[in-house]
Amino acid sequence: MRAVLLLRFLTFATIASSIGSCIGNLVVPACRESEKQALLIFKQDLTDPSNRLSTWVSEEDSDCCRWAGVVCDNSTGHIHELHLDSDWGDSNAFGGKLNPSLLNLTHLTRLNLRYNDFQGTQIPSFFGSLESLTHLDLSQASFGGMIPESLSGLNYLESLILMGNDFGGEVPESLGNLCNLIELDLSVNNFNGNGSEFLERLAAYTKAIRLLKPIQYRNFRNWEELVVLELENNNLSGNIPSSIGNLVWLRLLNLWNNNLSGELPLSMQNCSDLIVADLRGKSLVGSLPSWIGKCLLKLKILNLRLNNLRGAIPDELCNLQILDLAHNNISGTLPRCFNNFSAMVDSSDLNGVVVPFEFAYGSVLQRNIDIMFLVTKGREAEYGNILGLLTSMDLSANTISGEIPEEITSLISLQNLNVSGNLLTGRIPSKIGYMGRLESLDLSMNKLSGEIPASMTRMTFLSHLNLSHNNLTGRIPESTQLQSLDQSGFLGNELCGAPLIKNCSASNVIPPTLEQERGYDLLEDKWFYLSLGLGFLVGFWGIFGSLLVNLPWSSIFARLLNSIVIKLHAVIV
């Protein structure tokens with residue numbers, strides 16, 4: 001008995017010892033003293049108007065892993081991340097000098113100084129010696145000058161965000177050495193020089209690495225695996241190089257508001273994973289290529305606004321959520337293949353709300369696409385997290401002619417439609433009211449005629465309507481929605497009724513109704529009734545005519561009818 005008790009005691013002690021050991025292992029180590037001192041020195045040169053670094057103190061019991069903005073490795077206690085970003089426009093943002101004591105943080109992988117105010121100072125050259133960095137975010141932090149060549153030494157860097165500063169000069173050629181780079185954002189700066197040469201170096205360097213040393217570099221993610229490329233709002237010039245087709249993993253391409261010229265290179269069809277292409281500008285020429293719809297099957301946003309593109313819209317263009325071709329020289333007629341725009345036609349759930357498109361490298365691409373400027377409701381607006389839910393088509397300020405095809409009314413999930421400033425003729429499609437999710441509709445400055453379709457009274461989401469400067473006539477259909485809109489959207493026509501001041505009673509204008517609009521399909525209705533009458537005549541005389549000709553069968557049929565009548569009479573009586 002005693003042996004059994006002793007055995008149980010030893011077992012319990014062993015278990016308790018194991019649990020204690022595990023608990024001991026779960027204790028998170030404190031930060032390294034050398035790294036703590038490095039942060040304290042770094043703090044001395046920073047300006048901190050709101051005292052956000054009040055937890056950064058030198059007391060012995062103060063653990064720097066618990067300080068504001070500091071993230072440590074739970075197993076080693078080394079500092080891995082330093083987040084000293086501010087809110088955009090914050091008057092209490094960090095400033096001052098950046099002390100090289102950060103070099104003592106030898107395990108630092110992420111450095112975030114976004115939205116601060118360093119008053120035009122250059123990026124410190126010692127940043128290029130932070131060899132463990134994988135993510136460097138200096139966006140909108142008021143840096144200036146040239147990008148230091150030393151950044152090319154950050155061999156493990158995957159994300160470099162320098163947008164919204166005052167960097168100038170040419171983009172350093174040495175950035176091509178950042179062979180692990182996935183995300184590069186140099187937008188909204190003052191770079192100049194030949195943009196095509198920079199992009200050529202970007203792609204050509206990658207190709208050389210792949211071909212010359214495939215074994216040594218087989219595990220590297222280099223330029224060919226670049227996912228995001230944003231160079232908008234700079235002064236880059238020249239053509240878009242054909243070697244951009246080497247960026248086969250590219251998801252987001254943003255080159256708008258530069259001085260790039262020439263045609264869209266055919267090699268871009270190799271960028272089959274492209275989701276967003278923002279090439280707004282003033283100098284792209286040539287026709288709108290059909291390979292965009294044939295090869296770029298994942299493309300969701302295509303913005304070619306403010307260029308000199310010509311020719312017709314190819315039928316192959318499909319599968320888009322946002323299409324902006326405004327202010328070009330697009331001609332021809334509106335394509336009738338609108339049902340190809342599946343994101344605008346189909347509803348992805350029972351409420352018809354388009355599900356946001358998914359992005360590879362989720363946070364990398366999502367963060368970049370979350371902000372984009374689009375023209376809707378007559379003005380340029382910034383779209384954030386809801387961009388993936390927006391469906392829009394802007395073909396304004398071109399020379400598109402012909403009628404608006406009835407097929408356009410199949411875009412029941414479309415939210416913004418602008419075809420103003422073209423040469424469109426004919427009537428507004430009678431079923432346009434079926435586009436129930438439209439929030440903005442602009443058909444102004446065309447040559448449209450006839451009455452406003454009564455079906456527009458169904459458009460309960462409509463908040464911006466511009467039908468001005470056409471040849472429309474008659475009474476404006478009566479609905480709470482239409483009468484609440486601005487009267488300027490109806491001017492330049494022969495219309496009457498609210499919200500216009502002109503009264504319809506003086507001219508005895510009868511408001512159109514949904515039933516009256518069916519009169520536009522009068523020929524279709526005549527053929528329906530004619531076919532109905534012919535069908536009855538053929539069916540009736542086909543049966544009874546044969547009975548009259550065939551006397552034996554007619555007598556049998558007569559006896560059958562008599563028996564049915566007798567039975568019915570007996571039941572009733």
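Me: How many of the 573 residues of the chain count as buried?

Reply: In this predicted model, where local features need pLDDT of at least 70, side-chain atom pairs count only at pLDDT 80 or more, and totals for chains, interfaces and linings use all residues, the share is 46% of the 573 residues. Residues are numbered from 1 along each chain as its sequence is written, and side-chain values use heavy atoms, with hydrogens and water left out.

Me: Why is S159 called buried?

Reply: Buried means under 20% relative accessible area, whereas exposed means over 50% and partly exposed lies in between, with a 1.4 Å probe and protein chains only; S159 has 6% relative accessibility, and therefore counts as buried.

Me: Which residues is S159 in contact with, leaving aside its neighbours within four places in sequence?

Reply: Contact means heavy atoms within 4.5 Å, and with those neighbours set aside S159 is in contact with T134, H135, L136, L181 and E183. S159 itself belongs to strand β8, residues 159-161, a strand being a DSSP run of E with at least two residues, numbered from the N terminus.

Me: What makes β17 and β19 a pair?

Reply: Two strands pair if DSSP finds at least two bridges between them; β17 and β19 (residues 308-311) have three bridges, in the parallel sense, and S287 stands opposite R310 in β19.

Me: Why do β17 and β21 stand at the edges?

Reply: The open sheet has three strands in the order β17-β19-β21, with parallel pairing. Because β17 (285-287) and β21 (329-330) each have a single partner strand, one side of each is left without a neighbour in the sheet.

Technical notes
Helices (H or I, at least four residues) and strands (E, at least two) are DSSP runs, numbered from the N terminus.
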